[in-house]
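Subject: Structure handover

Hello,

Here is the structure for you to look over. My notes on what was found follow below.

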Amino acid sequence: MATNEINRNYEDEAVIAIDVATGVLVDSVTTMSQSNIPAELIQSADDTNEEDPTKLTLAYERLYELPRTIVERFADHIRYLDISHNKITNLDALVHFKHLTSLIADDNPITENCFLPPMPKLQLLWLNRCKISSLYPWVGKLKESCPALCLLSLMGNPAAPSYFNGGTFYDYLQYRLFVISQFPSLRHLDDRAVAGDQRAEARRLYRRPLLERLAPALAAPGAWGSAPARLAALWRKARPPGRNLLI
């Protein structure tokens with residue numbers, strides 16, 4: 001056989017492969033790198049966990065990844081996880097946190113190339129002041145991974161236009177409507193609640209398949225400011241003679 005491993009998927013188990021050479025089942029925790037964990041980090045995590053056994057805070061720990069020791073000890077029962085103000089770029093280890101409902105990951109160098117693993121119970125996600133520079137296809141992947149999201153905050157990312165990063169009000173509005181359109185259960189985006197008229201407008205704007213094809217152009221950094229011209233050009237190319245395309 002050309003490869004030493006045969007991949008297998010188990011919904012309720014951690015087993016991901018069989019090492020043919022040894023006949024040993026290998027789980028995804030076992031394959032995580034084992035780095036040296038400072039004793040004070042373990043103690044700090046234990047102290048936080050004693051106050052509330054469903055809550056774990058790892059903020060300001062200079063972490064580049066979630067340590068395997070932490071995952072093994074806490075993943076089975078944590079519902080609230082704070083990993084903000086670290087150096088984390090990969091969130092794959094979160095797949096082991098089966099009961100996670102709230103994730104705070106502000107101020108990490110997370111980009112649009114970092115996709116969250118399936119977390120069907122996640123309701124709150126904060127990714128403020130990260131390095132996300134494009135919404136497409138990142139938001140679509142996020143919707144697949146976290147379909148139950150109710151509270152999402154992306155403030156301070158290049159892909160979230162605002163007055164503070166040079167975005168116009170039009171840029172901000174289009175960004176907001178695009179994100180709202182992706183999450184039917186979203187109640188709060190950034191610093192504002194999702195209003196009923198915003199949801200209706202988001203549904204009206206982004207309900208047609210054509211908009212899905214336009215999304216890469218519209219969601220690119222700086223694209224919102226030129227969106228009217230882009231749309232007009234695309235309408236002219238896509239519109240059959242004698243037909244009007246309405247959003």
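The backbone nitrogen of T168 lies 3.0 Å from a polar atom of the D171 side chain. A polar contact here is a pair of N or O atoms within 3.5 Å; within protein, one must be able to donate a hydrogen and the other to accept it, and residues adjacent in sequence count only if both atoms are side-chain atoms.

Before going on, some ground rules. This is a predicted model: local features need pLDDT of at least 70, side-chain atom pairs count only at pLDDT 80 or more, and totals for chains, interfaces and linings use all residues. Residues are numbered from 1 along each chain as its sequence is written, and side-chain values use heavy atoms, with hydrogens and water left out.

**Helix 4**

D171 sits in helix 4. Helices (H or I, at least four residues) and strands (E, at least two) are DSSP runs, numbered from the N terminus. D171 is buried, at 9% relative accessible area. Buried means under 20% relative accessible area, exposed over 50%, and partly exposed in between (1.4 Å probe, protein chains only).

How many residues of helix 4 are buried? The count is 10 of 14, so the helix is mostly covered. Among them are Y172, L177, F178, V179 and I180. The length of helix 4 agrees with expectation: its 14 residues should span 20 Å at 1.5 Å a residue, and its end C-alpha atoms are 20 Å apart. The expected span is 1.5 Å times one less than the number of residues.

**The core**

The largest nonpolar core has 51 residues. Such a core is a set of buried Ala, Val, Leu, Ile, Met, Phe, Trp, Tyr and Cys residues joined through side-chain atoms within 4.5 Å. L81, L103 and L152 touch the most other members. Helices 2, 3, 4 and 5 each supply at least two residues of this core. Helix 4 gives the largest share, 6 residues.

Take L103. Leaving aside neighbours within four places in sequence, L103 is in contact (heavy atoms within 4.5 Å) with several residues. These include L81, I83, L94 and W126.

**Salt bridges**

There are 3 salt bridges. The rule is a side-chain nitrogen of Lys or Arg within 4 Å of a carboxyl oxygen of Asp or Glu.

- R68 pairs with E72, with the closest N and O atoms 3.1 Å apart. The two are 4 residues apart in helix 2, about one helical turn. E72 is partly exposed, at 45% relative accessibility.
- R129 pairs with D107 at 2.9 Å between the closest N and O atoms. This pair links distant parts of the chain, 22 residues apart. R129 is in the loop between strand 7 and helix 3, and D107 is in the loop between strand 6 and strand 7. Both are partly exposed: R129 at 44%, D107 at 23%.
- R204 meets E201 at 2.6 Å, N to O. They are 3 residues apart in helix 5, again about one helical turn. R204 is partly exposed at 36%, and E201 at 28%.

An open sheet of 7 strands runs in the order 4-5-6-7-8-9-10, with mixed pairing. Two strands pair if DSSP finds at least two bridges between them. Which strands stand at the edges? Strand 4 (55-57) and strand 10 (192-193) do; each has a single partner strand, so one side of each is left without a neighbour in the sheet. Strand 8 and strand 9 pair in the parallel sense over 2 bridges. L151 stands opposite H188 in strand 9.

Best wishes
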